[in-house]
Amino acid sequence: MPLQEVKEGRDYHFPTEEEEVLQLWKDIDAFQEQLRQTEGKPEFSFYDGPPFATGLPHYGHLLAGTLKDIVTRYASATGYHVPRRFGWDCHGLPVEYEIDKKLNIKTRSQVMEMGIDKYNEECRSIVMRYSAEWQTIVERLGRWIDFENDYKTLDPSFMESVWWVFKQLFDKGLVYRGFKVMPYSTGCSTALSNFEAGQNYKDVSDPAVIVSFPVDGDEDGASLVAWTTTPWTLPSNLSLCVNAEFDYVKARDPATGKVYIVMETRLAEIPGAVPKPKKAKKGKEAADEAAPKGFEIISKFKGSALKGLTYQPLFPYFAALKQQGAFKVVLDSYVTADSGVGIVHQAPAFGEDDYRVCLANGVIAKGEGIPCPVDDAGCFTAEVTDFAGMYVKDADKEIIKALKAAGRVVDNASLMHSYPFCWRSDTPLIYKAVPSWFVRVEEIKPQLLANNEKTYWVPSYVKEKRFHNWLENARDWAVSRSRFWGTPMPIWISDDMEEVVVVGSVAELEELTGHKVTDLHRHFVDQLTIPSRQGKGVLRRVEDVFDCWFESGSMPYAQQHYPFENKERFERGFPADFVAEGLDQTRGWFYTLMVLSTALFDKPAFKNLVCNGLVLASDGKKMSKRLKNYPDPMVVVNKYGADALRLYLINSPVVRAETLKFKEEGVFSVVKDVFLPWYNAYRFLVQNTLRWEAETGRSFQPLSVETAAATNVLDRWICAASRSLTAFVRCEMEAYRLYTVVPYLVRFIDSLTNVYVRYNRKRLKGKNGPEDTLIALAALYDVLLTVCKVMAPFTPFFTEAMYQNLRRALPSDAPASVHFCSIPEAQEAQAGDAQIQTSVERMQRVIELARTIRERHNRGVKMPVREVVVVHSDQAFLNDLTGDLREYVAEEVNVRALVPCNDPQRYSTVRAEPEWGPLGKRLGKGMLAVSKGIKALGTEDILAYEAGGSLTVEGVELLPGDVKVLRDFKQPDGTKTEEVDAAGDGEVLVVMDLRPDDELVAAGLAREVVNRVQKLRKKAGLQPTDPVNIWVDFKAAPAGAPDVAAALASQAGYVRDALGCPIQPCAQQPAEEEVLDSEDHALGGDEAKAEFKLCLTRPAGGGKPAAAAADGAAAATAALHQQAL
C-alpha cells in the first residue's frame, strides 16, 4: 500500500496524535498482545516498587516510571518475555495520617474509643482513592504495565506471604524482642526506622543550656556541669558521662565563688571562665589596663578520676533510683571534645548512647523499668508533676525557668542546627525508648556486604559509596509499629511473655485457633487466641503491626503469594533482573529488599539497578504543592506530549543520580530541536515517495532495494551510521547506561535531518533520475524504520505513529505495532565505515567553519564565493572531500572551486600553549617556568611533538596531552582580510576567497529569487508534486540597482533545475490560467532597489507546466534576455 500523506509540521500536534496512538493500543490490546507474542521466550524479571495511592503522582514517580518502561520495553524488543505488574503500598503512616486528619484524631485513645474495626475500615476506604488517576496518568505517559493484575499490600495473599517471611526469620534466630531508643514521631504516635528518620531534616533554633550538678560531699562544693539542646530530657536524667582519657579541671569563679568541674579544653564554654583580653584604648598602652581575670584552676585530673562520683538530682521525680545506682558519673569514649563541656547528661529513655551507657554501667537494668515519663503524643505524664500534660518541646522554656529558680543554670543560649522531622506529620522527632521486635541485621552484615558486591548499579558510585556505607553501618531493624492499619505481626505470646508462637500461614492460624480466617487485619485476628502448650492459659497476639517497609521489602515473594503459589515461577525469576527507583531508596526499598533476600536466601534481591536523582523545581527547591513552584505534569503532557516529557527527563543529569531543575521550556526545546526536525525528515520521505510513485507509476517497495550496495557517499554514510547506532544502543543498554544512549540517539536524529535529508534534498526529489531517487528513498526509509525500532522504548508514541504509516510499504505480515518489532541486531562494521563517518563529520565542520566566515563578513549563503581551500594533514579525508563529498560541500558552502591542501604551514602558523590541567597537577610551582618555555617553542619542535616525538622543556619531559598545538591563519601575500579570510577548529582550517565578480553576483541573485518562489509555493499551500507556471514582471529599475532579469537569464539552467520549470515574463501569461498566488518583491539596497512581482498559476488542464518542454525553456530564456536588454 502507498504511504499516507502526512500533515505539515506546523499542523502536527504531538499530544493529539499521542491520544490517537493510545486508542490504537487499546483497539489492538497492544500490551497484552506483546505479552502473548513473547510467551515462551526467556523471562526478564522486574520488580516494581509500590507507591501509595493516597496522593497523585509527581515528577519523581513519572521519572522512575519512564526509566522502568524504557528498560522493560527494550528487554521485550530484544527477545525476552517481560511481565509487568503494578503494585500499591496500602498500609502504614501515610494512610493513617490521612484518616487522622479527616476524623480529627489526635491520640491513640481516640482510636480505641472509636474501635479498631471502624478505624481500619476507614483506612481501607481511602487506600485506592487516586488509583484511577494513577492509571490514567501512568498510561498517558506511555508506560505499559498491568493494572488489572496488580498487587496490593492489603490483599490477604500478600499479607500471608509477609507472615511467611517473618516466620522464616524467626526460625533462623534473627528475630528478638528488645527495648530500644528509636526515632519517634509524636505527630503519628509511632516509632520510625532509622532510614525514615533521615528523610526530613530542617535547620531549627533550639535552646542550648549548661546546667550544674552539685557533687555529693565535695570539699570545694564543686558542681559537675553538662550541656544539652534538649532541656525536656533533664527531668529524666539518671547519670553523667565523661571520657576517661581527657583532661578535666576543677575551676572557681572568682566573682561568685562557685566551683565547676569541666573538660579542660572546653572551659571557655563557661561564661567568664576564659575571658578575652581587652583591646587597648586610644592613647593608652595595653599594659595600663588591668588584665582580665578568668577562673582559678584548683586541680587538674583525668576523666577516669571522676568515675563513681554521685551528685544531687535536678528534679525529685526519680530521686529514689539513687539507691539503685543512679545519679553517678560513668565513663564512655563516645564523649568528644568538639562540642559542649565534655560532660554529657544521660537520660536513658531518650538517647541511644544514653541507654547503652547506662545499661553497661548498671544505672539501669534490662527491661522496661527505666524512667520514660513521655506518652505516645509526646506529652509529659503525671510522674513529672510540674510539667504533666505539656508537649515536651513546649516544656523546654518552663524547665529552664524552673532550673534558673533553683540556681542550676550556668548558661542559657540558643543553637541553630539541623534537626530531624517526621516525614509524614512534619513534627519534630524525639528519641524515645519503646519495646520493639527486631531483625538482627548486624548479625548478617558480612553477607549483606558480600551480596551487594554481586549487584550491578547505575551509576556505580551509589552502590560503592552510599549504599555500601549504609550497609557497613547497618543496625538491627525495628520492624514493629504500634499502629493499627498494617499487616499484624503474627506473634502470639503468653502473659508472662515466656511462650512465643509465630504463625507463618493462614492455614496454621486456623489450625491453632480453630477459627476460619478470611482477612488478616487487626480487627479480624486480634481476638483470636491460641491455647498454651505449657499450661499458661491462652496466647494472645501482640498489638504491633509491621513497619510498611517490611512489607515492601517482602514484595518479591508476596506479590506472587510465595511459597503458597507460583513457587517454581518465583524461583525461576529470582533475583530480579532489574529494579529502579530514586536515590532516596538506598536507605528505603533497596535496603529492605537486600536485608530480607539475604536473610532468607543469602542472595541479593536484584541483579541490576538503575538509580535516578531527584527532580527539583526550576529554582532548585523541592517541588511543593503549597508553593506551586512547578507545572502540573498533565498540563505539560497536554501541551507538549508525553514523548517530549519522557525524553527531557531521560536526557538529563537525573539519570546519573544527580538532581534536575525542572524547566518547562526544556520540554518545549525537545519538541523544537528533536521531534519537529525528526518529523520533517519523515514528512519529506513520505512526500517524495508519493511524488516518485506518481511520476513513475510504480509502487514503492523499499525492501526490494539493496541499500547496502549503494554507491552514493551519503547513502553509504547513513547506512554506516545506522549500523553504529544499533551497535552502540545494544552495547550501552545491556549495561543500563541510559545516560549515554539518549544523547547518542538525539545526535543521530540531528545528523539524519541536518545532513542526510538536507544534503540529499535534490536527489530525493528526483534530480538524478528515478532509479537513483529510489535508492535514496529506500535508504532514508530503512534508516527511519531502524530509528523507529531503536527509539520505540524511549518515545513510544511518535515512533508508533510513524511506524503505522511506514509499515504500509512492508509486507502484509509486518508486526501490527512497532512495539512488537525486535530491535535490529548489532551488525559488524563494514570496510570503510569508520573512514566515511569520520570524513562526513569533518565535512560538517568544514561547512560550519565556512558559515562562520560568511557571518563574520555579513555574506549571505545565497551569494556564491569563488574559492574555498580546506587545509588538513589527512589526505584520505581531502580525497573524500574533493571526490564523493564535493557536490555537498559546494552546494552548502555555495562555492565555485573547492581546493584541498595537505600542507598546514601554507596557510597557518603554529604555536604551543600548555595544558594547565594535567601539567599543573604534575608540576605545581614549577609550572610557571615550563609554561614560558612551551610558549617559546619554535615551529619545528612543535610539529615534531605533534607528530608523536618527545619534547623536553626546562628539564621536564612533556607527555601526550601536556601541550595544546594551535594554528593561526597566515594571510596570503597581497590580500586583505576582507578579501581572503579563514576559520579553524584546531584540526581543520577553511580559507575562503571573498572577492566578488559579475558571474557570482548573478548566481546569488538567481538563488535569492528561487528561494522566494519556493516560499510563495508554500504560502499558496502547494504540495511539492503540484505543477505550476511561474511568471515574473519587472518594474523599471533605478541606476545602480541589481539586474535581476539579466541574472535570471544567465542562470536559467540553475533556475529550471531548482524549480522544475523556467521563470517566464508575465507578458506571456495565458489569460485562462488560474492565478494561485502572487507577491511583490525587491532586491538591493534602500537607495537602488530592483522591484518585481512573482506570480504562480495552475497550468491549463492541470497538467505539466506550459513551458516544460526544451523549446519552451529556450523561449523563456530568450524572453528574459530581451527584458534584461
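Buried denotes a residue with under 20% relative accessible area, exposed over 50% and partly exposed in between, using a 1.4 Å probe and protein chains only. The views below show a predicted model, in which local features need pLDDT of at least 70, side-chain atom pairs count only at pLDDT 80 or more, and totals for chains, interfaces and linings use all residues. Residues are numbered from 1 along each chain as its sequence is written, and side-chain values use heavy atoms, with hydrogens and water left out.

**View A. Buried residues of helix α4 and their cover.** Helix α4 spans residues 93-103, and its buried residues are Leu93, Pro94, Val95, Glu96, Glu98, Ile99 and Asp100. Helices (H or I, at least four residues) and strands (E, at least two) are DSSP runs, numbered from the N terminus. The cover over these buried residues includes α6 (116-126) and β4 (190-191). Asn104, with a positive phi near 55 degrees, follows α4.

**View B. Aromatic pairs.** The whole structure holds 62 aromatic pairs. The centres of the Phe380 and Phe387 rings are 6.4 Å apart and their planes meet at 45 degrees, so this pair is tilted. Rings of Phe, Tyr and Trp (its six-membered ring) pair if their centres lie within 6.5 Å; planes under 30 degrees apart count as stacked, over 60 as edge-to-face and the rest as tilted. Phe380 and Phe387 are both buried. Tyr557 and Phe574 make another tilted pair, with 5.9 Å from centre to centre and 55 degrees between the planes. This pair links distant parts of the chain, 17 residues apart: Tyr557 belongs to helix α17 (residues 555-558), and Phe574 to the loop between α18 (567-572) and β23 (576-582). Tyr557 is buried because its relative accessibility is 0%; Phe574, at 8%, is buried as well.

**View C. An aromatic cluster.** Tyr12, Phe14, Phe675, Trp678, Tyr679, Tyr682 and Phe798 are joined into a cluster by ring pairs.

**View D. Charges over ring faces.** Arg73 lies over the face of Trp144, 4.2 Å from the ring centre. Lys393 lies over the face of Tyr419, 4.3 Å from the ring centre. A charge sits over a ring if NZ of Lys or CZ of Arg is within 6 Å of the ring centre and within 35 degrees of the ring normal.

View E. Thr598 is located in helix α19 (residues 589-601) and is buried, with a relative accessible area of 5%. Apart from neighbours within four places in sequence, Thr598 is in contact (heavy atoms within 4.5 Å) with Ile444, Gln447, Leu448, Asn451 and Lys603.
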